[in-house]
Amino acid sequence: ANLAINESARLHIGSYDSSIPTLLTVLGPGSSVNACKCSLNALKLLATGNDDNKAKIVRIGGIKTVLDFLTPPNDVVLVDSGLGLLSELTKNNKKNSQLLLDAGGFEFVMAEIANHSDSSHLQARACGVLSNLPIDVDKVYSVVSVILKAMKNHMDDSLVQYEASHALLHYCCRFPIIADLIQSEEADPILRRSHFIPQLPTAN
């Protein structure tokens, strides 16, 4: 909790060479769920707004470590915290986004969206990660369908609506070809009821 409100504490802890490797070593079968959750959350806070700490986490294999830890069927709380960390590491960082994609991050996120469809917070986190991944056009239709489903299932959750709408806008800017799907009869009522309706390009 102190890391969340104390920027100097984050800088101080992040400056120690052993702090980030130690937090990553917690992510293993011998650790409790609470310890792993705290480790993931601490790593996210250390990475927030700090490119040096992001680089440290990635340089020592943090992305693969987190994915390897979370890939077996895992507690929804841990998956949620892990997605939060991965979202922070890949935000506005093309290199890290590509590393996550190459490590199987896309398949992981899509699987967890399906596995935990009832968790609104996890759905929002997943949408955030998906919007950071440099996916190809052959995957974008399945991603948009999943995002629309999350919006439909969690219509009253503002965080889901925000992250999902942001992701849809991102994909429409990258792939104008999907505008027809966004403007389909199925998608239209979902977007009209959303709290955050993106300004979408017009289909040709």
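Predicted model: local features only at pLDDT ≥ 70, side-chain atom pairs only at ≥ 80, totals over all residues.
Helix α7 covers residues 76–90, and its 15 residues should span 21 Å at 1.5 Å a residue, which agrees with the 21 Å between its end C-alpha atoms. Because 13 of the 15 residues of α7 are buried, this helix is largely enclosed by the rest of the structure. At its start, a side-chain oxygen of Asp-75 comes to within 2.7 Å of the backbone nitrogen of Val-77. Just after α7, Asn-92 takes a positive phi of about 55°, although Asn-92 is not a glycine. Asn-92 belongs to the loop between α7 and α8 (94–102), and with a relative accessibility of 78% it counts as exposed, since the cut-off for that class is over 50%.

**Ile-63 in helix α6**

Ile-63 lies in helix α6 and is buried, with a relative accessible area of 5%. Not counting residues up to four places away in sequence, Ile-63 touches Val-58, Leu-89, Asn-96, Leu-99 and Leu-100.

**Helices α9 and α10**

In helix α9 (residues 105–115), the buried residues are Gly-105, Phe-106, Phe-108, Val-109, Met-110, Glu-112 and Ile-113, and they pack against α6 (62–70), α7, α8, α10 and α11 (137–153). Gln-123, in helix α10 (residues 120–132), counts as buried at 3% relative accessibility. Leaving aside neighbours within four places in sequence, Gln-123 is in contact with Ile-113, His-116, Ser-117, Ala-150, His-154 and Val-160.

The largest nonpolar core has 55 residues, of which Leu-130, Ile-147 and Tyr-171 touch the most other members. With neighbours within four places in sequence again left aside, the contacts of Leu-130 are Phe-106, Val-109, Met-110, Ile-113, Val-143 and Tyr-171.

**Helix α12**

Helix α12 (residues 158–174) has 17 residues and reaches 24 Å from its first C-alpha to its last, close to the 24 Å expected at 1.5 Å a residue. Its buried residues are Val-160, Gln-161, Ala-164, Ser-165, Ala-167, Leu-168, Tyr-171 and Cys-172. Seen down the axis of α12, these buried residues fall within an arc of 165°, so they line one face of the helix. The elements that cover them include α10, α11, α13 (179–182) and α14 (187–193). At the start of α12, a side-chain oxygen of Asp-157 reaches to within 3.1 Å of the backbone nitrogen of Leu-159.

**Cysteines**

The count of disulfides in the model comes to zero. Cys-172 is in no disulfide, and the nearest cysteine sulfur, that of Cys-173, is 7.1 Å away, whereas a disulfide would need the two sulfur atoms within 2.5 Å. Cys-172 is buried, with a relative accessible area of 1%, and Cys-127 likewise counts as buried at 1% relative accessibility.

**Accessibility of individual residues**

The following table gathers the relative accessibility of residues discussed above.

| Residue | Relative accessibility | Class |
|---|---|---|
| Ile-63 | 5% | buried |
| Asn-92 | 78% | exposed |
| Gln-123 | 3% | buried |
| Cys-127 | 1% | buried |
| Cys-172 | 1% | buried |

Methods. Residues numbered from 1 in each chain as written. Heavy atoms only, no water. Helix = DSSP H or I, 4+ residues; strand = E, 2+ residues; numbered from the N terminus. Expected span 1.5 Å × (residues − 1). Buried < 20%, exposed > 50% of the residue type's maximum accessible area, 1.4 Å probe, protein only. Polar contact = N/O pair within 3.5 Å; in protein donor to acceptor, adjacent residues only side chain to side chain. Contact = heavy atoms within 4.5 Å. Core = buried A, V, L, I, M, F, W, Y, C linked by side-chain atoms within 4.5 Å. Arc of directions from axis to C-beta.
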